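Here are my notes for a first look. Please keep the structure open while reading them.

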Amino acid sequence: MDTPLIAARDLSVHYPLRGALFGPRPVVRAVDAVNISVPRGSFFGLVGESGSGKTTFGRALLRAAPISAGDIIYDDGEVRYQVERLGSRDLKGYRSRAQMIFQDPYAALSPRMTVRDIIAEPLEVMGLTRTREETDERVRDIAARCRLNLEHLRRFPHAFSGGQRQRISIARALVSRPRFVVADEAVAALDVSIQADVLNLLRSLQQEMGLTFLFISHDLSVVAHTCDHVTVLYLGRVMESAPTRELFAAPRHPYTRALLSAIPSLDPDDRGNAQMLEGEIPSPTDPPSGCKFHTRCPHAEARCRREEPALSQVAGAHEVACLRWRELDGAVPVAPVRQPADGTTPT
Amino acid sequence: MTRLLEVDNLTLQFDTDEGRITAVEKMSYSLDASQVMGLVGESGSGKLVSAKSLMQLNARNAVYDPQTRIILHLDGGPVDVMTLKSAHDQKLVRGGAISMIFQEPMASFAPALTIGDQMVEQLRLHAEMSPARAREISIEMLDRVGISVPAKRFSQYAFELSGGMRQRAMIAMALSTRPKLLIADEPTTALDVTIQAQVLALMKDLVADFGMAIIFITHDLGVIAQTADTVAVMYLGRLVEQGPVRELIHNPAHPYTRGLLAALPNLHDLDSELVPVAGDIPSPLERPRGCVFHTRCPVARAGQCDRVVPPFTQLASGHRVSCHLASSEAVNT
Amino acid sequence: MNAAAARGPAIDQKRKEAYFTASQGQLIWARFKQQKAAMAGALVLATLILSGFFAPFLTPYDPTIAGRDKSYQNGAPQIPKFWDENGFSARPFIYSYERSRSIATNFRWVTQVRRDQRRYLSFLPEGDSYTFLGMKFNHHLFGVNRGQIHLFGTDSTGKDIFSRNFHAINTSLAVGTIGVLIAFVMALIIGGVSGFYGGWIDSILQMITDAIRTVPAIPLFMALAAFIPDVWSAEMRFFFISTILGLIGWPTLARRVRTHLLTERNQEYVLAARLCGASPGHIIRRHLLPSFTSYIIVDLVISFPYMVLSETALSFIGLGLKDPVNSLGVMLQNVTDADVLLNYQWYFIPVIFFITLVLAFVFVGDGLRDAADPYSETRK
């Protein structure tokens, strides 16, 4: 099956802000002409720092963020949807196939509903079951798969820890048997010892239920372990995209390299930072011209300020958006560009 | 290495509606000048409140055990922080000899005052100096932490600075009084990883320059590995393992520490399984008897681990662990 | 040695399970019980409400003109005694009194107490008939074997203040209830739509709300009072006043509802519901409304005394209820006379009851407010 399950083409999400009294209204370009294809059955990682647009992208795929331009095509072999154009009837169908798991386990569950009701809600709202027995049956089924104690179904969310609440969240997302699940920082708020548990659960559920995950995270190590493919976003644009092993073994984009070297290593003796990025992340309302990364890139040249790189193919599924990627293969940075800490662009 | 801090039998409980909750139990450790200690633990471990005890910053319903002693070795001699009762006396440890930086820099700065105002206030609270001199020192500190155009930033408000810069400004503010000990509560958790790298490098730099000790509270073992000299691992209010960072990471002795390390995704070995620590962290209202970790421990021994609190066993130099199995292993070797 | 550490699990399994399966209402009640002032207030409130509800039975006489005692007007309170110079009596008694006039008193009516004639208290006597819950009864809790007993004295026409007092409590509570209900329904609708949709709907509705808030109450009532036709019965007048109070009281409540909705609708659990395709109605009903029911209840309880006091004030100045409908305000209509202030202080006894009622509401409301946030502490 070569058709991706969901593919975004030149997708843009721009939010207008309340601007100054005079002059043009500033626009937050949260997602800017992004091309991403998620293959069926994959555990697809989407990483980035603040302002990268990864959360907005995930929400846009589910029509929970306004789409300004571009399209999204969903094709699971049974139906094919142009997501950005769905009318209310088809939207209902889409909703039962695409769901989301949220970051904050404390804000994601309605505090005044029992766990059973929380998990059952998608079934009831979408009318997927006819009788109460059927609903209960499916709730019990998914709760068991998510390793929730069936006795716990009568309880309210305040009875549970972060990890358990996240499992309830997962059960709710999966009860409608979707094909596509966006996990938006699903483990970021959990303790480390629980993270592993939830990640393993997601992997096993993927196998059991034939799901496709879009795993959004800022934590590269977690992504490295669980995802089969990773896309790196910066300021709303794709910088690099590759199968996980390749990305971590041989990153091509200077941003990816800097990201990887910034991760604190667990080995106390490994204390040299190959490339430290100077400066701050620019604001998404006022992104740099040309290549969005050029203000902090140790390899930036004059043309990087003028020209915006398109995604070029490195090998197979490995793509990179950098004007100089060929030359930079193993190159030592030219003079690291000293950026003032306040993020202003040097002349 | 001069001894800076000795914490002896720190036991801290909170009086709540649900009863008396034990947050920290019999925690003892010591810290030398210029040493960086990483304090690792998850939720409910008590790492934050134990550090706040050093500055007597806990809430009013905090109850300390009378045997708790916290000795700070200052130029004028040793001071037991527990004896500082009045706000005037406590000024010594609040911003004076001990300073603290927090996780959320936006929450640490008053939104309606400029950064400069707050830094000057901090300085003048702890030392006699004129506003002009305080301003001078503040701008110097801002420069030292890598903020460009420090004079301009001095007159700006917190919301005008980016996250990384705010964190730097907070470090500058905390360090302006030249404390002997800096407590850093998850200072980089809320920052992007590229900014985190910058801030960590800055902190290491400052340690060398200022000769101060740091207690670095975090749940991120990677950050600890890169910045700490010694590590203390806490679980549900007890110190379970402590040792030099290399020792601890390469030879973890406590099952919890091992569990933490096994649960961490390791970039060097992408094929390895992520092994979670079984079970959930018990609620502080239901602290397990005996060893606090026994309910989740893969090698717990019934009859011993669920009844008796394990004593500390000394392993290699400076490495000690509180575990029945580790102590019997040590006896056997 | 630390006793807490040696004790092990602090709560037994049953209590834990009860805590885990406790709904919001149960949690609030559990916290509420811990507050002494609030519980005391609740007890007092319950007592007063019940006494108002059962007023026709508890009080001996009809509170209107029909039940008046012509022979004991502006009479002082009569305290039942067990003992006097004529001997001890197991049954409590009061004295008889006689009205007479003669040339000696300049032909003015004078009331004389006859200490030799006793009137004994009786329990469950038959007296004036009344309708309660649609059925007619005529037993009262107590009475005397001859004449009438006035525990709180009488007013200028001879109406028993004790009876009027408790009927007045009932009336005021009824007015308050209707007013609060109307205010609540309107606040829910307007505040709800405003908060849920935001945008221009919100702006317009807020302008309307603010406009209504600025309307001054007294001139409004004066204007309305002028419009009320005289032919309206007392009951109609009663409902009218209640409705008006409700219509003026909703803006504050509406604002609270709106603010709360504006925050909650951005929470992730709402987004999760949206992503299932839930309709706005469903989201409001199942997610948003329950999330602030506790706050709204607090607001309702606290706005009750304001309604009661507003009605009192209006009736006092003659713009509200009138005879034969009885409320505190109506009872106080005649107290501005210097004669009353100097000589007939018992007219003010009902005031004590009302102060107690309002205070009880306030204590209960405060207690509820403290108890009503059961979920804030479970966040890490």
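1. Start with the buried residues of α1(B): Lys47(B), Leu48(B), Ser50(B), Ala51(B), Ser53(B) and Leu54(B). This helix spans residues 47-54 of chain B and is mostly covered, with six of its eight residues buried. Bear in mind that the model is predicted.

2. What follows α1(B)? Gln56(B) does, and its phi is positive, near 50°.

3. Now turn to the sheet in chain A. Four strands form an open sheet in the order β2-β1-β4-β5, with antiparallel pairing. At the edges are β2 (27-38) and β5 of chain A, each of which pairs on one side only. Neighbouring strands of this sheet are turned by 20° against each other on average, direction ignored. In general, strands of a sheet pair through backbone hydrogen bonds.

4. Strand β1 (residues 6-16) and strand β4 (residues 69-75), both of chain A, run antiparallel and pair over five bridges. Take Arg9(A): its bridge partner in β4(A) is Asp71(A).

5. Next, a loop in chain A. Arg85(A) sits there, between β5 (80-82) and α2 (88-97). Is Arg85(A) buried or exposed? Arg85(A) has 11 other C-beta atoms within 10 Å. A residue counts as exposed at 12 or fewer, so Arg85(A) is exposed.

6. One distance to check on screen. Arg85(A) and Pro284(A) are 26 Å apart in space, C-alpha to C-alpha. In sequence, Arg85(A) and Pro284(A) are 199 residues apart.

Definitions and conventions. Residues numbered from 1 in each chain as written. Chains lettered and ligands numbered in written order. Predicted model: local features only at pLDDT ≥ 70, side-chain atom pairs only at ≥ 80, totals over all residues. Buried ≥ 20, exposed ≤ 12 C-beta atoms within 10 Å, placed from the backbone. Helix = DSSP H or I, 4+ residues; strand = E, 2+ residues; numbered from the N terminus. Pairing = 2+ DSSP bridges. Axes fitted to C-alpha atoms, helices over the stretch in contact; angles between N-to-C directions.
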